[in-house]
Amino acid sequence: MVHPRMGDAFPILSTHDIERTAAFGSLRNYAKDSRLFQSGQTGDGLFLILAGHVTLCQRDGLGHHEPMYEAGPGQFLGEIGQLSGNRALVDAIAQGEVQARLLTPGCLRELVVADASLGERIMRALILRRVMLIERGIGGPLLIGPGGSGDMTRIRGFLTRNTLPHRVLDPATDARAKSLMESHSPAADELPLVVCPDGTILCNPSENALAMHLGMLDLPDEDKVYDVAIVGAGPAGLATAVYAGSEGLSVIVLDARSFGGQAGASARIENYFGFPTGITGQALTARAFVQAQKFGVKMRIPMRIKQLDCSRKEGDLLILGEEGTQVRAKTVVVATGARYRRPSIDALSAFEGRGVWYWASPIEAKICADQEVILVGGGNSAGQAAVYLSAHVAKVRMMIRRESLVATMSKYLIDRIAATPNIELIPNGEIFSLEGDAEGRLNAARWRERGTGAEHRLATGNVFLFVGADPETDWLADCGVILDKSGFVVTGVGSDAHPAPALLESSVPGVFAVGDVRCGSVKRIGGAIGEGAQVVPALHAFVAVA
Ligand SMILES: Cc1cc2nc3c(=O)[nH]c(=O)nc-3n(C[C@H](O)[C@H](O)[C@H](O)COP(=O)(O)OP(=O)(O)OC[C@H]3O[C@@H](n4cnc5c(N)ncnc54)[C@H](O)[C@@H]3O)c2cc1C
């Protein structure tokens, strides 16, 4: 079936539109059968076909090759990755003589910013193409192994959160997957097998190993000094990136896992300005992720930061990553948010990612479909998750330590929970241990009544924990940034060393903090985004005199 938005995804530009691109590109000629770009390799940019035809082909790491689309004069080739010079996800093969105009990633960004109406159509098409590739699993790795395993969920979650296409092949039904399993005979802990687009086969890879093979970690220029380095790509970091990038600052964003932060895990945000019907955190932050790249912001994800060196020995701040990489910048924005709190429950870590979840996305909802689940926590995020899960599972048992939800949850959510028949509230309860079956899958939780001490057992394969978070500030140890007693970054408070910091500036000149990680911030998406916008004039002012 033809995709309903095919016209938007593959528009044909008019002669007038084509003329408007002339100042941004250079002419290229290709002979029959030559490749304009190739799946798995860094492309030159976006190609606008002026004469001839080009076939787009999908190719996977197991050698399967299939034509998908033929593009002709007035059409352009590329998807959203071309905005940042990422690796191509499909092959483009000239059908005969082809003349095209190449817009390098930098020129493409200039065009979409300079020409708003043409830029809007090009951006929409590039985003839709990525969406289509994701929907059909084209251009990314193939995952082979048991569908519901913890590691399959982990890897799929990583790829999904980073908007990378992928496909799961079941050896029981797919002959190629079956034959690969037979030839590799992987041990249980080597699953899933991940077949990268270049044919490399990885056994149950870490996120970093996978990212490296997919080109996500193509190293930034370590000698470059950015105006702004933002650590954390949640709403606060992404908002800073969009506003700083759009105002001409050179910006890099670093994140340990994926863009979106905690908000990216939110199944439905209903209280964000301008979205009366709600929006998923992933959809909201994916827009910002693309928008930031349109303004030339560099993304380096995943990259966990382990240390900040504020000594300015060579004049700049130095950010050190876990893998030994480093980034130099005149200013640093700390936007690392907070991490999920792990309550003291026996055997908790044994079931993390295999029945214990800290977020409720469509992936977890599918795993738990039609089952009875327990959800621990009484805050707004717990409430949203309970309501979301109730539409997919047989029953949600919502366990809270307090007598009621009144002091911890917004009223609209309390009302919605009360009106949802398959959510049962268990007040004054706390889980103290988890039990698994012979294969290590969670099958029960033991809990205690806080008043009486009476103990109970509930059969369940899935427990969701939404019990708050601690600031992600370990990496700031010993760099001079003052934290409050809970570890949040203190901003806007003068000291002998730095008597007049800006409102969102820490005790170290040039180091700023925004969002959940900042002491006194409103722990809400709107607050995080607002601070991201608010910090930019201070960054500008600092860079101007640095
Ligand atoms: C399930 C859920 C639902 C929610 N729903 C709502 C809602 O409906 N409305 C609302 O207003 N708020 C909601 N919230 C709260 C909201 O998501 C947060 O307030 C917001 O995400 C904070 O943004 P942030 O950018 O400050 O931090 P975060 O979103 O926490 O992002 C921080 C980022 O920093 C990265 N990071 C951390 N340490 C490092 C390191 N050392 N190196 C590199 N990167 C690092 C993390 O990977 C993360 O991506 C919800 C939260 C959750 C969990």
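Trainee: Where is the place of serine 185?

Mentor: In this model, which is a predicted one, serine 185 sits in the loop between α6 and β11. Its phi is near 30°, which is a positive value in a residue other than glycine.

Trainee: How should I read a sheet, and what is the order of the strands in the open sheet of four strands?

Mentor: A general idea to keep in mind is that in a regular strand the side chains alternate between the two faces of the sheet. Here the open sheet of four strands has the order β10-β9-β11-β12, and its pairing is mixed. At the edges stand β10 (167-169) and β12 (201-203), each with a single partner strand, so one side of each has no neighbour in the sheet. From one strand to the next the twist averages 25°. Within this sheet, strand β9 (residues 142-144) and strand β11 (residues 193-195) run antiparallel and are joined by three bridges, with leucine 142 opposite valine 195 of β11. Helix α6 (residues 175-184) lies across β9, β10 and β11, and its direction runs at about 60° to β9.

Trainee: What is the pairing in the open sheet that five strands form?

Mentor: The pairing is parallel, and the order of the five strands is β20-β27-β21-β22-β23. The edge strands, each of which pairs on one side only, are β20 (356-357) and β23 (423-426). Packed on this sheet is α12, which touches β21 (372-376), β22 (395-399), β23 and β27, and whose direction makes about 170° with that of β21. As for the pairing of β20 with strand β27 (residues 463-465), two bridges hold these strands in the parallel sense, and valine 356 has valine 463 in β27 as its bridge partner.

Trainee: Which strands does β8 pair with in the antiparallel sense?

Mentor: Strand β1 (residues 26-30) is joined to strand β8 (residues 98-103) by five bridges, and the two run antiparallel; in this pair arginine 28 stands opposite alanine 100 of β8. Strand β3 (residues 46-51) also pairs with β8 in the antiparallel sense, again over five bridges, and there alanine 51 has glutamine 99 of β8 as its bridge partner.

Trainee: How is a packed helix pair described, and at what angle do α12 and helix α13 pack?

Mentor: In general, two packed helices are described by the angle between their axes and the distance between the axes. For α12 and helix α13 (residues 411-418) the angle is about 30° and the axes are 10 Å apart, while the crossing is left-handed. On the α12 side the contact is made by Asn380, Gly383, Gln384, Ala386 and Val387, and on the α13 side by Leu413, Arg416 and Ile417. By class, these are four nonpolar, three polar and one charged residues.

Trainee: How many residues surround the ligand?

Mentor: There are 38 residues around the ligand, and the closest are Gly232, Gly234, Gly261, Gly337 and Gly515. The elements that give two or more residues to this shell are α8 (235-246), α12 (380-390) and α14 (525-534). The shell divides into 18 nonpolar, 13 polar and seven charged residues, and domain 3 and domain 4 each supply at least three of its residues.

Methods:
Residues numbered from 1 in each chain as written. Predicted model: local features only at pLDDT ≥ 70, side-chain atom pairs only at ≥ 80, totals over all residues. Near = placed C-beta within 6 Å. Nonpolar A, V, L, I, M, F, W, Y, C, P; charged D, E, K, R; others polar. Domains from an automatic or database assignment. Pairing = 2+ DSSP bridges. Contact = placed C-beta atoms within 7 Å. Axes fitted to C-alpha atoms, helices over the stretch in contact; angles between N-to-C directions. Left-handed = near helix turned anticlockwise from the far one by under 90°.
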